[in-house]
Amino acid sequence: LWLADHQANMEISMAFSEKFLRIPLCRSPHIHVGNALRMDWCSVLTSEKCSYILGNPPFVGKHLMTAEQNSDMEAIGGDNKGFGVVDYVAGWYVKAADYIQDTHIQVAFVSTSSISQGEQPGVLWPLLFERKLKIHFAHRTFAWDSEARGKAHVHCVIIGFGAFDVSRKNLHDYDQDEEHPTLEVVPNISPYLVRGGDWALPSRSKPLSDVPPIIYGNKPTDDGNLIVEEVDRLQFILDNPRAKKYLRKLMCADEYLYNIPRWCLWLEGLDPADVKVSPGLKQRLDGVRDFRRKSAKIPTQKIADFPSLFAEIRQPKHEYILVPLHTSETRRYVPFGYFSSNCIVHNSCSCIPDATLFHFGVISSGMHMAWMKQVCGRLESRFRYSNRLVYNNFPWPQSATEVQKAAVEKASQSVLDARSQFPGSTLADLYDPVTMPPALAKSHNSLDRAVDRCYRKELFPSDRARVEFLFQLHEKLTAPLLPVTKAKRARRADSNE
């Protein structure tokens, strides 16, 4: 408020050519300087006398917090499992929730959008719901350019809440126009800032639906010794001809998206005789062993005795869909792709073995993309695809007919065919919103319509409509059966009486 007052005074000064200043502040009887996560808020103002709490807590990601900030979060989170994954702003939510118990205080915080995405809602919001919190209004994700030096550009949300319910809940959306958000009055606002219930997605080890499992890629933990770059490949083969048969294409996220060849030594079934006549191969194995032995991690030290093998092996036996775990937030679709089992999946990717064209089509559609963008995490601003949150929680169409599935498969093949028309372009080029070829865009639009109709007859008007529908479907699929059974028993007992 002082800052806004100062800015207004500067405008007046410019208009009337006369300075009007109240900064530096001379008096501040009600300003308390301290660590807001450590101090007792009632020592500043008792909750009985408080009506509103407004705040813009520091935007510090979980990986960027200082030792002091981590200590603050430990004090706030206590023994709550997983609290270490949330960003610094989450501490203010918990602190405020405790402060406003049994009151009608209204709270609103500007927060990083991560508070309603990825793994954080599943950790933070159950704690808040235990404290009877209800979201009263929300401004969905919008870009905020700070007026401070450095012009910080961050994606923010604004969440208003209290420890009591209200009849009118306003949801502001910036998808159509960043300057003029749309307003919708909804019955309830979920932690993902869409129409929905007071619950958050769990981390699932298996898919919610009956679909092929998704698995992580293979992790080398080798200090680069099992990796052969394209510029070194020919010379390595000349120096070690017996090692050529062990070279495999390595599918890494960036290399896949930008069509950069990369190779690895896949040494399952390695013949010791081949090592003896291949000095370059032996040198690399020695490098793997030495690197792992020096590791501070006990599991890594233990696998030092097996330098020919990747530290973690999860290579599919059959054809699979490659899933890059990180991709640009500017892309409308994540470009998934098919590969044979001879191509080794790096741990910068996941994969879905034995997936059909129907599976490819559903995860490549606007339906799955809307879900992914809502529930995935972020690395900086890039999307971070999560096996356990995005894929395993995704509600697949439950009653799609064979005709509808065939339509999805046909549209999926059309997407792959459209890509093949541009062999000189990388997937990064093809899926750039500026350079995406019309043929590929039309194929994806057809695929979107085909997948939409697997869920319902009417097409979805927006991504938010898709997400809200999917959350409702998720809630139906995960609804506990026991209460229904009890209700049926009660009705039967009544009828018997």
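Modeller: A salt bridge is a side-chain nitrogen of Lys or Arg within 4 Å of a carboxyl oxygen of Asp or Glu. Keep that rule in hand for this structure.

Colleague: What kind of model is this, and how are residues numbered?

Modeller: This is a predicted model, numbered from 1 along each chain as its sequence is written. Local features need pLDDT of at least 70, side-chain atom pairs count only at pLDDT 80 or more, totals for chains, interfaces and linings use all residues, and side-chain values use heavy atoms, with hydrogens and water left out.

Colleague: How many salt bridges come from the rule?

Modeller: The general idea comes before the count. Side chains of opposite charge can pair when their charged atoms come close. Here the count is 24 salt bridges. One of them joins the side chains of Asp-98 and Arg-131, at 2.6 Å from N to O.

Colleague: Where do Asp-98 and Arg-131 lie?

Modeller: Helices are DSSP runs of H or I with at least four residues, strands are runs of E with at least two, and both are numbered from the N terminus. Asp-98 sits in helix α3 (residues 90-99). Arg-131 sits in the loop between α4 (120-130) and β3 (134-145). The pair is 33 residues apart and links distant parts of the chain.

Colleague: Is Asp-98 buried, exposed or partly exposed?

Modeller: Buried means under 20% relative accessible area, exposed means over 50%, and partly exposed is in between (1.4 Å probe, protein chains only). Asp-98 has 43% relative accessibility, so it counts as partly exposed.

Colleague: Which residue pairs with Glu-184 in a salt bridge?

Modeller: Arg-464 does, at 2.1 Å from N to O. Glu-184 is in strand β6 (residues 182-186), and Arg-464 is in helix α16 (residues 463-478). They are 280 residues apart. Glu-184 is partly exposed at 26%, whereas Arg-464 is buried at 10%.

Colleague: What else does Arg-464 meet in a salt bridge?

Modeller: The side chain of Glu-468, at 3.1 Å from N to O. Both residues lie in helix α16, four residues apart, about one turn of the helix. Glu-468 is buried too, at 10% relative accessibility. A network of salt bridges links Arg-140, Asp-173, Glu-184, Arg-195, Arg-464 and Glu-468.

Colleague: Now to Asn-387. Which side chain does it meet in a polar contact?

Modeller: A polar contact is a pair of N or O atoms within 3.5 Å; within protein, one must be able to donate a hydrogen and the other to accept it, and residues adjacent in sequence count only if both atoms are side-chain atoms. The side chain of Asn-387 makes one with the side chain of Ser-350, at 3.0 Å. Asn-387 is in helix α12 (residues 387-391) and is buried, at 3%.
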